[in-house]
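User: I have a protein model open and would like to go through it step by step. Could we begin with the charged pairs and then turn to the helices?

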Amino acid sequence: MTTSIPPAEITVLSPHDGTPVGTLPCAGAEEVREAIATARKAGRHWSRTSPEERGRLVRAAADALAQHAEELAALNARETGKLPDEALGGVLAGVGTLHQYAELGPVHRGHALRGDALATDYTVAEPRGVVAAITPWNDPVAVAAGLLGAALVTGNTVVHKPSERCPHTGARLGEILAAALPDGVLVTVTGGPETGRTLAGEAGLDVVAHVGSTATGRAIARAALDTGAHVIRENGGNDPLVVDDDVAPAWAAEQAAIGAFTNAGQICTSVERIYVHRAVAEPFLHALAAEARQRNREAALAPLVDRRMRDAVHGHVCAALEGGATVLEGGEIPEGAGSFYPATVLRDCTDAMQVMTEETFGPVAPVRVVDSFADGLYLASRDRYGLAATVLTGRIAHAQRAIAELPAGTVKVNNVFGGAPGGAAQPRRDSGAGFGYGPELLDEMTQVKVVHVEMPSSG
């Protein structure tokens, strides 16, 4: 029997041209346990630090991140292929998120409970302990900042494992933030899937917070059955877009293109499948193909994170074409270095195709024509995921029906990427469980203690 040995190092190649970005060590079981022990020891003091002081230190960490924003954005762009402006936007979003939690942490509070007249009852929110944050590559700074910020301001300590596709970005982020915090409060470990599995399975953890694939999230949830860790996970999505018959086709196509092609489709809440009303289908498809063509002509898309991802995306497209779909734009792997893939529009898609049933995670817009808005909602709802969904309609009744019927944590009306800062949602079904953002994430990072105080009887 042959036993595979996990690699000791991880090397990242640039998705732009295939040149090496660098090599970092993979933390093994001993290093992971040491990181958890370090965080556990630091937590003895950090959990007793006042919320106001914790907020001040997280604010200082945010300011340090702002000072290194361009450096970290350049590293992110080099490592994952993210466009420079979008990479900088992600870092600045992370800065804003840390500032937000620095303000929210000190005012996170329990509740008063009505008891006897001469008794006092209330609840206290206490830190859970050591949090393992396992974060993705597609927006590595912004996503990590949310989990790290919420965990730290509530008195937890953190062991952060960034994705193996952007370990240099994650390691540098850890250095910048940790320098503003007490020793051991934030520890970063790098490595591949084996490092992540080792970390998630350690009994010394109190929380595992994961943003990434559904398969990895399921494995983490299974491991937590043995360790007892509280699990927060935002996993895969297969987000639908439903286009009603009363909207302008060109505007709807612009929304679809933004949702499907931004960051080369590598966003958890990207538009993954489109249901368009037959009355506007032809002008919509024409306009959507034009949107894709313009992006391809102007080379406006970032590369996919690596060739493994590109192969998976192209596999979905090829399977759809073999199943009877028609390509209106894109659909072919370009020549040259890197892992670029064109903006692709497919029509005549069916429910059996992978591009409609699975998360493609690339710049692909598969379209199915439906006979009514109700049909679109019905098909959009028949999916094992439940992350987000969007409808484009001018009818308030249709918008309300979509809100009531779509089984997703977030429903967006007339804006594929709309939403207020700090908004939170609960992913459903195969998309995960627990709040991953907003003020509610502070609740996920804490546990409630009920206190009853009563004077002894004087009789």
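User: How many salt bridges does the count come to?
Analyst: The count comes to 25 salt bridges, where a salt bridge is a side-chain nitrogen of Lys or Arg within 4 Å of a carboxyl oxygen of Asp or Glu. Please note that this is a predicted model, in which local features need pLDDT of at least 70, side-chain atom pairs count only at pLDDT 80 or more, and totals for chains, interfaces and linings use all residues. Residues are numbered from 1 along each chain as its sequence is written, and side-chain values use heavy atoms, with hydrogens and water left out.

User: Which side chain does arginine 395 meet in a salt bridge?
Analyst: Arginine 395 forms a salt bridge with aspartate 246, at 3.9 Å from N to O. The pair links distant parts of the chain, 149 residues apart: arginine 395 is in the loop between strand E16 (388–392) and H14, and aspartate 246 is in the loop between strand E10 (240–243) and helix H9 (249–261). Helices (H or I, at least four residues) and strands (E, at least two) are DSSP runs, numbered from the N terminus.

User: Which residues are linked in a network of salt bridges?
Analyst: The network links Arg218, Glu358, Arg384 and Asp430. Within it, arginine 384 and aspartate 430 meet at 2.6 Å, N to O. Arginine 384 is in the loop between H13 and E15, while aspartate 430 is in the loop between strand E18 (428–429) and strand E19 (432–433), 46 residues apart. Arginine 384 is partly exposed, with a relative accessible area of 34%, whereas aspartate 430 counts as buried at 18%.

User: Helices next. How is a packed pair described?
Analyst: Two packed helices are described by the angle between their axes and the distance between the axes. Axes are lines fitted to C-alpha atoms, for helices over the stretch in contact, and angles run from 0 to 180 degrees between N-to-C directions.

User: At what angle do H4 and H5 cross?
Analyst: Helix H4 (residues 84–104) and helix H5 (residues 140–153) cross at roughly 15°, and their axes come within 8 Å. H4 and H5 are therefore roughly parallel to each other; angles under 35 degrees count as roughly parallel, over 145 as roughly antiparallel, 65 to 115 as roughly perpendicular and the rest as oblique.

User: What kinds of residues make up the contact of H4 with H5?
Analyst: By class, the contact of H4 with H5 has 10 nonpolar, five polar and no charged residues. Here Ala, Val, Leu, Ile, Met, Phe, Trp, Tyr, Cys and Pro count as nonpolar, Asp, Glu, Lys and Arg as charged, and the others, Gly among them, as polar.

User: What about H13 and H14, at what angle do they pack?
Analyst: Helix H13 (residues 373–381) and helix H14 (residues 396–405) pack at an angle of about 20°, with axes 11 Å apart. H13 and H14 are therefore also roughly parallel to each other. Phe373, Ala374, Leu377 and Ser381 in H13 meet His398, Arg401, Ala402 and Glu405 in H14, where contact means heavy atoms within 4.5 Å. These contact residues divide into four nonpolar, two polar and two charged.

User: A change of topic: where is phenylalanine 361 found?
Analyst: Phenylalanine 361 is found in the loop between helix H12 (354–357) and strand E14 (364–370). Phi of phenylalanine 361 is near 60°, a positive value in a residue other than glycine. Most residues other than glycine have a negative phi. Phenylalanine 361 is buried, with a relative accessible area of 11%.

Notes:
Buried means under 20% relative accessible area, exposed over 50%, partly exposed in between (1.4 Å probe, protein chains only).
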